[in-house]
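This report describes selected features of one structure. The sequence and the structure are shown first.

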Amino acid sequence: MEKSKVQIAQQLLDENLISEKEFVDVKAYESLKIFSLHNELLFLLYLAVLLFTTGAGILIYDNIDTIGHTVIMALLLIATGVSFYFSFKNSTGFSRNETDFENPVFNYLVLAATLLSGIFIGYFEFQYQVLGSAFVALLTAFVGFASAYYFDNRSALSIGITGLSAAIGISATPQALMHGEFYDNPALFYYGIALGILLLLWTEYSEKTDFKKHFSMVFLTFALHLICICCLTGMADYYWPLYALFLSASVVYFYWKSHKIQAVSIFIFVLLYGYIGLNIVLFKMLQAADSSAFFEFLLIFSPIYFIGSIFLFIRSIKQFNRKKYKSLP
(Lines give C-alpha, C1' and ligand atoms only; values in the text may rest on other atoms or scores of the structure.)
Protein backbone atom coordinates (compact mmCIF):
# COMPACT_ATOMS: atom_id res chain seq x y z
CA MET A 1 0.00 0.00 0.00
CA GLU A 2 2.90 2.39 0.76
CA LYS A 3 4.33 2.07 -2.73
CA SER A 4 0.93 2.61 -4.29
CA LYS A 5 0.29 5.82 -2.36
CA VAL A 6 3.71 7.22 -3.16
CA GLN A 7 3.16 6.42 -6.83
CA ILE A 8 -0.16 8.20 -6.79
CA ALA A 9 1.46 11.21 -5.14
CA GLN A 10 4.20 11.13 -7.78
CA GLN A 11 1.60 11.10 -10.54
CA LEU A 12 -0.22 14.06 -9.00
CA LEU A 13 3.10 15.88 -8.74
CA ASP A 14 3.89 15.19 -12.39
CA GLU A 15 0.52 16.64 -13.38
CA ASN A 16 1.17 19.72 -11.19
CA LEU A 17 -1.80 18.92 -8.97
CA ILE A 18 0.27 19.01 -5.77
CA SER A 19 3.39 20.89 -4.79
CA GLU A 20 6.84 19.49 -4.15
CA LYS A 21 6.44 20.11 -0.42
CA GLU A 22 3.16 18.18 -0.33
CA PHE A 23 4.81 15.27 -2.15
CA VAL A 24 7.65 15.24 0.41
CA ASP A 25 5.09 15.30 3.23
CA VAL A 26 3.30 12.29 1.75
CA LYS A 27 6.54 10.32 1.48
CA ALA A 28 7.50 11.25 5.05
CA TYR A 29 4.10 10.20 6.38
CA GLU A 30 4.17 6.89 4.51
CA SER A 31 7.68 6.18 5.79
CA LEU A 32 6.31 6.18 9.35
CA LYS A 33 4.31 3.04 8.49
CA ILE A 34 1.40 4.14 10.63
CA PHE A 35 -1.51 1.70 10.52
CA SER A 36 -4.94 2.98 11.46
CA LEU A 37 -7.51 0.59 12.88
CA HIS A 38 -10.36 3.11 12.60
CA ASN A 39 -12.03 1.71 9.47
CA GLU A 40 -11.42 -1.88 10.53
CA LEU A 41 -13.07 -1.28 13.93
CA LEU A 42 -16.04 0.45 12.31
CA PHE A 43 -16.45 -2.48 9.93
CA LEU A 44 -16.36 -4.91 12.87
CA LEU A 45 -19.02 -2.82 14.63
CA TYR A 46 -21.21 -2.92 11.52
CA LEU A 47 -20.68 -6.67 11.25
CA ALA A 48 -21.47 -7.08 14.96
CA VAL A 49 -24.79 -5.25 14.53
CA LEU A 50 -25.77 -7.43 11.56
CA LEU A 51 -24.76 -10.62 13.39
CA PHE A 52 -26.66 -9.55 16.51
CA THR A 53 -29.89 -8.78 14.67
CA THR A 54 -29.56 -11.91 12.53
CA GLY A 55 -28.90 -14.00 15.64
CA ALA A 56 -31.95 -12.48 17.32
CA GLY A 57 -34.10 -13.49 14.35
CA ILE A 58 -32.71 -17.05 14.33
CA LEU A 59 -33.16 -17.33 18.10
CA ILE A 60 -36.78 -16.29 17.78
CA TYR A 61 -37.41 -18.75 14.95
CA ASP A 62 -35.80 -21.72 16.72
CA ASN A 63 -37.31 -21.12 20.17
CA ILE A 64 -40.67 -19.59 19.34
CA ASP A 65 -42.62 -22.43 20.96
CA THR A 66 -40.41 -22.53 24.06
CA ILE A 67 -40.09 -18.86 24.88
CA GLY A 68 -43.56 -17.66 23.93
CA HIS A 69 -44.75 -14.88 21.67
CA THR A 70 -45.37 -12.32 24.38
CA VAL A 71 -41.93 -12.74 25.94
CA ILE A 72 -40.22 -12.48 22.54
CA MET A 73 -42.06 -9.30 21.60
CA ALA A 74 -41.37 -7.82 25.03
CA LEU A 75 -37.63 -8.52 24.70
CA LEU A 76 -37.56 -7.05 21.20
CA LEU A 77 -39.43 -3.96 22.36
CA ILE A 78 -37.08 -3.49 25.33
CA ALA A 79 -33.97 -3.89 23.16
CA THR A 80 -35.35 -1.44 20.61
CA GLY A 81 -36.34 1.06 23.29
CA VAL A 82 -32.95 0.89 25.02
CA SER A 83 -31.13 1.37 21.70
CA PHE A 84 -33.24 4.39 20.77
CA TYR A 85 -32.94 5.82 24.30
CA PHE A 86 -29.15 5.95 24.23
CA SER A 87 -29.22 7.17 20.63
CA PHE A 88 -31.47 10.11 21.54
CA LYS A 89 -29.48 10.78 24.70
CA ASN A 90 -26.20 11.14 22.84
CA SER A 91 -27.59 12.80 19.72
CA THR A 92 -26.92 16.45 18.90
CA GLY A 93 -30.51 16.77 17.68
CA PHE A 94 -32.07 17.28 14.28
CA SER A 95 -30.32 19.48 11.75
CA ARG A 96 -30.88 20.22 8.08
CA ASN A 97 -27.14 19.86 7.53
CA GLU A 98 -24.76 16.96 8.15
CA THR A 99 -24.26 16.02 11.80
CA ASP A 100 -22.58 13.18 13.64
CA PHE A 101 -22.26 11.66 17.08
CA GLU A 102 -19.18 12.49 19.11
CA ASN A 103 -18.62 8.74 19.31
CA PRO A 104 -19.19 6.84 16.02
CA VAL A 105 -20.36 3.79 18.00
CA PHE A 106 -23.79 5.39 18.38
CA ASN A 107 -24.25 5.38 14.59
CA TYR A 108 -24.28 1.60 14.78
CA LEU A 109 -26.60 1.73 17.78
CA VAL A 110 -29.06 3.66 15.59
CA LEU A 111 -28.69 0.98 12.92
CA ALA A 112 -29.35 -1.73 15.51
CA ALA A 113 -32.42 0.13 16.81
CA THR A 114 -33.81 0.50 13.29
CA LEU A 115 -33.25 -3.16 12.44
CA LEU A 116 -34.75 -4.32 15.75
CA SER A 117 -37.80 -2.13 15.23
CA GLY A 118 -38.26 -3.71 11.80
CA ILE A 119 -37.98 -7.19 13.33
CA PHE A 120 -40.53 -6.26 16.00
CA ILE A 121 -43.02 -4.85 13.48
CA GLY A 122 -42.61 -7.87 11.22
CA TYR A 123 -42.99 -10.32 14.10
CA PHE A 124 -46.05 -8.51 15.41
CA GLU A 125 -47.69 -8.77 11.99
CA PHE A 126 -46.67 -12.43 11.64
CA GLN A 127 -48.27 -13.25 14.97
CA TYR A 128 -51.47 -11.21 14.85
CA GLN A 129 -51.92 -10.38 11.11
CA VAL A 130 -53.80 -7.15 11.68
CA LEU A 131 -51.80 -4.59 9.69
CA GLY A 132 -51.16 -6.11 6.29
CA SER A 133 -47.81 -6.62 4.59
CA ALA A 134 -47.92 -3.30 2.71
CA PHE A 135 -48.61 -1.31 5.88
CA VAL A 136 -45.86 -3.18 7.74
CA ALA A 137 -43.40 -2.24 5.00
CA LEU A 138 -44.56 1.39 5.11
CA LEU A 139 -44.23 1.47 8.89
CA THR A 140 -40.71 0.03 8.66
CA ALA A 141 -39.88 2.59 5.98
CA PHE A 142 -41.20 5.39 8.22
CA VAL A 143 -38.98 4.28 11.11
CA GLY A 144 -36.02 4.06 8.74
CA PHE A 145 -36.55 7.54 7.28
CA ALA A 146 -37.23 9.09 10.69
CA SER A 147 -34.06 7.56 12.15
CA ALA A 148 -32.05 8.56 9.07
CA TYR A 149 -33.06 12.22 9.11
CA TYR A 150 -33.00 12.72 12.86
CA PHE A 151 -29.74 10.90 13.57
CA ASP A 152 -28.20 11.57 10.14
CA ASN A 153 -27.70 7.85 9.48
CA ARG A 154 -27.23 6.58 5.92
CA SER A 155 -27.73 2.92 6.88
CA ALA A 156 -31.15 3.72 8.33
CA LEU A 157 -31.94 5.63 5.14
CA SER A 158 -31.17 2.51 3.10
CA ILE A 159 -33.57 0.54 5.29
CA GLY A 160 -36.24 3.20 4.75
CA ILE A 161 -35.90 3.11 0.96
CA THR A 162 -35.90 -0.70 0.99
CA GLY A 163 -39.07 -0.70 3.06
CA LEU A 164 -40.68 1.76 0.66
CA SER A 165 -39.78 -0.53 -2.26
CA ALA A 166 -41.28 -3.52 -0.44
CA ALA A 167 -44.47 -1.54 0.21
CA ILE A 168 -45.14 -1.22 -3.53
CA GLY A 169 -44.42 -4.90 -4.08
CA ILE A 170 -40.80 -4.87 -5.23
CA SER A 171 -39.04 -7.76 -3.52
CA ALA A 172 -35.45 -8.79 -4.12
CA THR A 173 -35.58 -11.94 -2.03
CA PRO A 174 -34.09 -15.14 -3.52
CA GLN A 175 -37.54 -16.78 -3.38
CA ALA A 176 -39.09 -13.98 -5.43
CA LEU A 177 -36.36 -14.17 -8.06
CA MET A 178 -36.42 -17.99 -8.28
CA HIS A 179 -40.19 -18.15 -8.66
CA GLY A 180 -40.23 -15.27 -11.17
CA GLU A 181 -42.59 -13.12 -9.10
CA PHE A 182 -40.91 -9.93 -10.25
CA TYR A 183 -40.77 -10.84 -13.93
CA ASP A 184 -44.37 -12.09 -14.11
CA ASN A 185 -45.85 -8.78 -12.94
CA PRO A 186 -45.24 -6.00 -15.49
CA ALA A 187 -46.94 -3.48 -13.19
CA LEU A 188 -43.93 -3.71 -10.88
CA PHE A 189 -41.77 -2.26 -13.67
CA TYR A 190 -43.92 0.88 -13.66
CA TYR A 191 -43.93 1.08 -9.87
CA GLY A 192 -40.16 0.71 -9.73
CA ILE A 193 -39.60 3.40 -12.36
CA ALA A 194 -42.07 5.71 -10.62
CA LEU A 195 -40.36 5.21 -7.26
CA GLY A 196 -36.98 5.87 -8.86
CA ILE A 197 -38.28 9.13 -10.34
CA LEU A 198 -39.65 10.18 -6.94
CA LEU A 199 -36.27 9.52 -5.37
CA LEU A 200 -34.61 11.65 -8.05
CA LEU A 201 -37.09 14.49 -7.54
CA TRP A 202 -36.46 14.40 -3.80
CA THR A 203 -32.72 14.40 -4.42
CA GLU A 204 -32.95 17.51 -6.60
CA TYR A 205 -35.17 19.21 -4.01
CA SER A 206 -32.78 18.35 -1.19
CA GLU A 207 -29.80 19.72 -3.09
CA LYS A 208 -31.54 22.95 -4.02
CA THR A 209 -32.89 23.59 -0.51
CA ASP A 210 -29.76 22.31 1.28
CA PHE A 211 -31.84 19.77 3.22
CA LYS A 212 -29.63 16.79 4.05
CA LYS A 213 -28.11 17.04 0.58
CA HIS A 214 -25.30 14.67 1.62
CA PHE A 215 -27.93 11.90 1.35
CA SER A 216 -27.96 12.41 -2.42
CA MET A 217 -25.54 9.56 -3.08
CA VAL A 218 -27.83 7.05 -1.33
CA PHE A 219 -30.93 8.25 -3.18
CA LEU A 220 -29.14 8.32 -6.53
CA THR A 221 -27.78 4.81 -6.08
CA PHE A 222 -31.19 3.34 -5.29
CA ALA A 223 -32.86 5.34 -8.08
CA LEU A 224 -30.24 4.25 -10.60
CA HIS A 225 -30.69 0.55 -9.85
CA LEU A 226 -34.48 0.74 -9.60
CA ILE A 227 -34.97 2.58 -12.89
CA CYS A 228 -32.35 0.76 -14.93
CA ILE A 229 -33.18 -2.75 -13.71
CA CYS A 230 -36.90 -2.18 -14.29
CA CYS A 231 -36.19 -0.80 -17.78
CA LEU A 232 -33.88 -3.68 -18.70
CA THR A 233 -36.38 -6.23 -17.43
CA GLY A 234 -39.19 -4.44 -19.24
CA MET A 235 -37.27 -4.63 -22.51
CA ALA A 236 -38.27 -8.29 -22.65
CA ASP A 237 -41.86 -7.08 -22.95
CA TYR A 238 -43.78 -6.29 -26.14
CA TYR A 239 -43.40 -2.54 -25.57
CA TRP A 240 -39.62 -2.78 -25.28
CA PRO A 241 -38.94 0.36 -27.40
CA LEU A 242 -40.57 2.54 -24.72
CA TYR A 243 -38.38 1.00 -22.03
CA ALA A 244 -35.34 1.43 -24.27
CA LEU A 245 -36.09 5.14 -24.75
CA PHE A 246 -36.58 5.67 -21.02
CA LEU A 247 -33.40 3.74 -20.26
CA SER A 248 -31.51 5.97 -22.71
CA ALA A 249 -32.83 9.11 -21.03
CA SER A 250 -31.94 7.69 -17.60
CA VAL A 251 -28.41 6.80 -18.70
CA VAL A 252 -27.89 10.36 -20.00
CA TYR A 253 -29.17 11.86 -16.74
CA PHE A 254 -27.10 9.64 -14.45
CA TYR A 255 -24.05 10.10 -16.68
CA TRP A 256 -24.38 13.87 -16.23
CA LYS A 257 -25.06 13.48 -12.52
CA SER A 258 -22.03 11.23 -11.95
CA HIS A 259 -19.77 13.91 -13.44
CA LYS A 260 -21.47 16.65 -11.47
CA ILE A 261 -20.97 14.99 -8.07
CA GLN A 262 -17.80 13.10 -9.09
CA ALA A 263 -19.28 9.69 -8.19
CA VAL A 264 -17.29 6.93 -9.86
CA SER A 265 -19.64 4.19 -8.61
CA ILE A 266 -22.60 5.85 -10.34
CA PHE A 267 -20.51 6.32 -13.48
CA ILE A 268 -19.48 2.62 -13.60
CA PHE A 269 -23.05 1.35 -13.24
CA VAL A 270 -24.27 3.85 -15.85
CA LEU A 271 -21.79 2.37 -18.32
CA LEU A 272 -22.82 -1.18 -17.43
CA TYR A 273 -26.56 -0.57 -17.67
CA GLY A 274 -26.16 1.43 -20.86
CA TYR A 275 -24.01 -1.29 -22.41
CA ILE A 276 -26.48 -4.03 -21.49
CA GLY A 277 -29.37 -2.00 -22.87
CA LEU A 278 -27.49 -1.31 -26.11
CA ASN A 279 -26.81 -5.00 -26.62
CA ILE A 280 -30.46 -5.87 -26.00
CA VAL A 281 -31.52 -3.32 -28.62
CA LEU A 282 -28.98 -4.69 -31.10
CA PHE A 283 -30.24 -8.22 -30.47
CA LYS A 284 -33.85 -7.10 -31.02
CA MET A 285 -32.87 -5.45 -34.30
CA LEU A 286 -31.04 -8.57 -35.44
CA GLN A 287 -34.10 -10.65 -34.65
CA ALA A 288 -36.24 -8.30 -36.71
CA ALA A 289 -33.75 -8.35 -39.63
CA ASP A 290 -33.62 -12.16 -39.68
CA SER A 291 -30.60 -12.18 -41.98
CA SER A 292 -28.36 -15.24 -41.84
CA ALA A 293 -25.50 -13.38 -43.57
CA PHE A 294 -25.64 -10.64 -40.98
CA PHE A 295 -25.57 -13.21 -38.17
CA GLU A 296 -22.45 -14.77 -39.69
CA PHE A 297 -20.83 -11.36 -39.89
CA LEU A 298 -21.71 -10.77 -36.24
CA LEU A 299 -20.21 -14.07 -35.12
CA ILE A 300 -16.94 -13.24 -36.86
CA PHE A 301 -16.56 -9.76 -35.44
CA SER A 302 -18.14 -10.34 -31.99
CA PRO A 303 -14.74 -10.99 -30.32
CA ILE A 304 -13.48 -7.65 -31.63
CA TYR A 305 -16.67 -5.99 -30.41
CA PHE A 306 -16.38 -7.34 -26.86
CA ILE A 307 -12.62 -6.68 -26.60
CA GLY A 308 -13.18 -3.15 -27.86
CA SER A 309 -15.99 -2.70 -25.33
CA ILE A 310 -13.73 -3.72 -22.45
CA PHE A 311 -11.00 -1.38 -23.69
CA LEU A 312 -13.41 1.57 -23.94
CA PHE A 313 -14.88 0.74 -20.51
CA ILE A 314 -11.47 0.83 -18.80
CA ARG A 315 -10.45 3.93 -20.74
CA SER A 316 -13.63 5.77 -19.74
CA ILE A 317 -13.07 5.03 -16.04
CA LYS A 318 -9.46 6.23 -16.26
CA GLN A 319 -10.55 9.45 -17.93
CA PHE A 320 -13.24 9.95 -15.30
CA ASN A 321 -10.74 9.52 -12.45
CA ARG A 322 -8.28 11.84 -14.18
CA LYS A 323 -10.91 14.57 -14.41
CA LYS A 324 -11.89 13.93 -10.81
CA TYR A 325 -8.34 14.40 -9.55
CA LYS A 326 -7.92 17.58 -11.60
CA SER A 327 -11.08 19.06 -10.12
CA LEU A 328 -9.84 18.56 -6.55
CA PRO A 329 -8.96 21.82 -4.76
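Which helices each supply at least two residues of the lining of the largest pocket? They are α6 (105-128), α7 (133-151) and α8 (154-167).

## Basis of the description

The model is predicted, and local features need pLDDT of at least 70, side-chain atom pairs count only at pLDDT 80 or more, while totals for chains, interfaces and linings use all residues. Residues are numbered from 1 along each chain as its sequence is written, and side-chain values use heavy atoms, with hydrogens and water left out. Helices are DSSP runs (H or I, at least four residues) numbered from the N terminus.

## The largest pocket

The largest pocket has a volume of about 390 Å³. A pocket is an open set of points on a 1 Å grid over the protein atoms alone, with protein on both sides within 12 Å along at least five of seven lines, and lining residues have an atom within 4 Å of a point. A volume is the space filled by probe spheres set on the points.

Twelve residues line this pocket, and the closest to its centre are Gly118, Ile119, Gly122, Thr140 and Ala166. The lining comprises six nonpolar, six polar and no charged residues. Here Ala, Val, Leu, Ile, Met, Phe, Trp, Tyr, Cys and Pro count as nonpolar, Asp, Glu, Lys and Arg as charged, and the others, Gly among them, as polar.

## The cavity

The count comes to one cavity of 30 Å³ or more, a cavity being a set of points where a 1.4 Å probe fits but cannot get out. The largest cavity holds about 30 Å³ of space. Its lining consists of Ser91, Thr92, Gly93, Thr99, Asp100, Phe101, Tyr150 and Phe151; three of these are nonpolar, four polar and one charged.

## Helix packing around α12

Helix α10 (residues 187-209) and helix α12 (residues 240-261) have axes that come within 13 Å and cross at roughly 25 degrees. Axes are lines fitted to C-alpha atoms, for helices over the stretch in contact, and angles run from 0 to 180 degrees between N-to-C directions. The two helices are therefore roughly parallel to each other (under 35 degrees). By class, the contact of α10 with α12 has nine nonpolar, no polar and four charged residues.

Helix α11 (residues 216-234) packs against α12 at an angle of about 155 degrees, with the axes 9 Å apart. Helices α11 and α12 are therefore roughly antiparallel to each other (over 145 degrees). Their contact (heavy atoms within 4.5 Å) has 16 nonpolar, two polar and one charged residues.

Key:
Angles under 35 degrees count as roughly parallel, over 145 as roughly antiparallel, 65 to 115 as roughly perpendicular and the rest as oblique.
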